[in-house]
Amino acid sequence: MTFLALDIGNTRLKWAHYASPRPGAALLAQGAEFLENIDKLADGAWRDMPAPAQVLGCVVAGDAVKRRVQEQMDQWDVVPQWVVASEGEAGLRNGYDHPTRLGADRWVAMIGAYHHMLSQGTPRPMVVVMVGTAVTVEAIATDGKFLGGLILPGHGIMLRALESGTAGLHVPTGEVREFPTNTSDALTSGGTFAIAGAVERMVQHVSAHCGAEPACIMTGGAGWKMAPSMTRPFELVDNLIFDGLLQMAKVRFPVAQAA
């Protein structure tokens, strides 16, 4: 009764094949493909993979990409489920004005982060940062209510915006410096500190609202780049969306789990 978890972002599809749909299940295989290559999965990475009993996916890339992924699963007798944010799931409550309009990746990552925090002992408020094409900064209260979050451009979008709107800024990627003395370092440092500043402001908001210092978790493909520049201690968790999908699968596929 194996389980396939899918994380389809704006740039890549990441997948993980587990022995069962529950947290702590053995990881049997995993991989990643750029979206332009996903039509090769059935004849490539998934060709010899045993058919999963359940598939749960988180997709932000749009319906066209989702259909292409579903076509790659035609070889298996399985109907995938796709996450849509709701008013509550797996212990987390959604404080968005319109809960279903919250991005699926944000919802799943927060569920993964919340259970990660609970596994470490006493419940605390949280700030969850996902650094990818875009950056999201989420606030979660001690009781598991999502209070709200920020969305801002990632490094690449910031740099492309400056390059397209300003003459003479087509320069190589620089380093993060406290006092940049060249344009490359100035651009890289500016983007990094802009993100760090947004996160610091959210930490301050959560501390004031909840009356306690939040646990801070960072994830996403570019999280490792940001971590050294943060003003607060952050735990870097690589596969937060997969962790969240496993928590959701535990609730959605209880019969399979018992089997």
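Predicted model: local features only at pLDDT ≥ 70, side-chain atom pairs only at ≥ 80, totals over all residues.

Let's start with a pair: Leu4 has His17 in E2 as its bridge partner. Numbering runs from 1 along each chain as its sequence is written, and side-chain values use heavy atoms, with hydrogens and water left out.

Helices (H or I, at least four residues) and strands (E, at least two) are DSSP runs, numbered from the N terminus. When I say two strands pair, I mean DSSP finds at least two bridges between them.

So, E1, residues 3–8, pairs with E2 in the antiparallel sense over six bridges, and a hairpin of three residues links E1 to E2. On to E3: E2 and E3 also run antiparallel, joined by seven bridges. Here His17 comes back, standing opposite Ala29 in E3.

How enclosed is E2? Strand E2, residues 12–18, is largely enclosed by the rest of the structure, because five of its seven residues are buried, meaning under 20% relative accessible area, with exposed over 50% and partly exposed in between (1.4 Å probe, protein chains only).

Now Leu27, which sits in strand E3, residues 27–34. Leu27 counts as partly exposed because its relative accessibility is 42%. Leaving aside residues up to four places away in sequence, Leu27 touches Ala16, His17 and Tyr18, where contact means heavy atoms within 4.5 Å.
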